[in-house]
Amino acid sequence: MPTISMNVNGTSVSAEVENRTVLAAALRENLGMTGTHIGCDTSQCGACVVHVNGKAVKSCTIFAVEADGAEVSTIEGQADADGSLNVIQQAFQDHHGLQCGFCTPGMIMTAAALLEENPKPTEAEIRDHLEGNICRCTGYQGIVNAIMAASGQNSAIAAE
Amino acid sequence: MYNFEFTKPTTVEDAAKAMSAEGAQALGGGQTLLPTMKQRLAMPEILVSLTDVEGMVGVSKAGTTLTIGGGTTHAQVATDAAASYPGLSALADGIGDPAVRNRGTIGGSLANNDPAACYPAAALASGATITTNKRDILADNYFQGMFETALDETEIVTAVSFPIPEKSNYQKFVQPASRFALVGVFVAKTADGVRVAVTGASNGGVYRWTEAETALNGDFSARAIEDMSGDATDMITDLHGSAEYRAHLVGVLTRRAVVASS
């Protein structure tokens, strides 16, 4: 089996995987990082979104061997070193951006990618950017509010 | 999915050589191929990754032609073609979702030629040229039916050259679950005339709607095609829409594209 090397959340790791192993499975099963969730395994739900070389991708739809040599960021790397939540995570907690939490890792990673390229998105831009992330319990308003708040904008929340 | 051998060549020549093996299949961004393999609808014995092949990524403009490397992602096309070819940029920005656009490639889309994919409409309406490791193929000769193209088994889409039209627009009526085009229409107005390409509608894959082109060549306005709709004869009927519904949408979306073209 091939051995792949990646930098995951700033740490160099290697894993022995099959060619058919998708990145989500390599993270969860080989590296024990179960924060990345596999919801649908058909590229639709977005629970498995991680960043590969700075780009948000669905880790169930990229082979681990394709991420050989890549810089990967996952939900485990989002909190600060002392364990305190980062701005986006805190905003999700403050604004009811999650209920069961299953979709949350993907939501947070997608939101982080959005704010990286567009620090002050409109509500419409946020909703458009979340097209590939499905939440089936809390609804989207809390998630949108959280991302607005994380970007330092409170208009949507104030309007409630 | 079944396991496979994996190879990651760095040159087009080596990739073509690897693809000449029995059971070999090219892997672009994998946004169609991986789901297909999970369902065991595709069972390649060897995957030839094109990710590291040099010289296949980027968007460059020379005169009135925009050339896009076959390995360029939809996200990069959306960004890098925005100033030079806004109609194409907007199309790329509407494919799938942001994460899919960060992986999926224009070459992969054109090689697969899904009957509901967006890029085939842009390529056919623009009169693009598909460049492979072996030859240049005009879009008019390239698309040969549902999932069928002029490519042979060791051909790789290395680049696509789009003549930039004077005006263009793409209108997609999304299938609400898959976000593919239930029907999509790309209208391009060039110095040589108007071209209208329809995706998602026909059992034969992407096609040019020549009746609308003729009418629009006389008068480039929605009024010129006011009462027209597509020919339902060979259109797709499925859970999401009948052939007649799609034929109706072809007319509606073409009118919208003409109005919105810039």
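## Residue B:S202

The model is predicted, so local features need pLDDT of at least 70 and side-chain atom pairs count only at pLDDT 80 or more, while totals for chains, interfaces and linings use all residues. Side-chain values use heavy atoms, without hydrogens and water.

The loop between β11 (193–199) and β12 (207–208) of chain B holds B:S202. Its side chain reaches the backbone nitrogen of B:G204 at 2.8 Å. Contacts of B:S202 (heavy atoms within 4.5 Å) include B:P115, B:M146 and B:D234, not counting residues up to four places away in sequence.

## Largest cavity

A cavity is a set of points on a 1 Å grid over the protein atoms alone where a 1.4 Å probe fits but cannot get out; lining residues have an atom within 4 Å of a point. There are two cavities of 30 Å³ or more. The largest has about 40 Å³ of space, a volume being the space filled by probe spheres set on the points.

Among the residues lining the largest cavity are A:K58, A:H129, B:D97 and B:P98. Two or more lining residues come from each of β4 (55–58) of chain A and α5 (98–101) of chain B. The lining of the largest cavity divides into four nonpolar, four polar and two charged residues.

## Second largest cavity

About 30 Å³ of space lies in the second largest cavity. Its lining includes A:C40, A:D41, A:C45, A:C48 and A:C60. By class, this lining has five nonpolar, four polar and one charged residue.

How values were computed: Residues are numbered from 1 along each chain as its sequence is written. Chains are lettered from A and ligands numbered from 1 in the order in which they are written. Helices (H or I, at least four residues) and strands (E, at least two) are DSSP runs, numbered from the N terminus. A polar contact is a pair of N or O atoms within 3.5 Å; within protein, one must be able to donate a hydrogen and the other to accept it, and residues adjacent in sequence count only if both atoms are side-chain atoms. On a 1 Å grid over the protein atoms alone, a cavity is a set of points where a 1.4 Å probe fits but cannot get out, and a pocket is an open set with protein on both sides within 12 Å along at least five of seven lines; lining residues have an atom within 4 Å of a point. Ala, Val, Leu, Ile, Met, Phe, Trp, Tyr, Cys and Pro count as nonpolar, Asp, Glu, Lys and Arg as charged, and the others, Gly among them, as polar.
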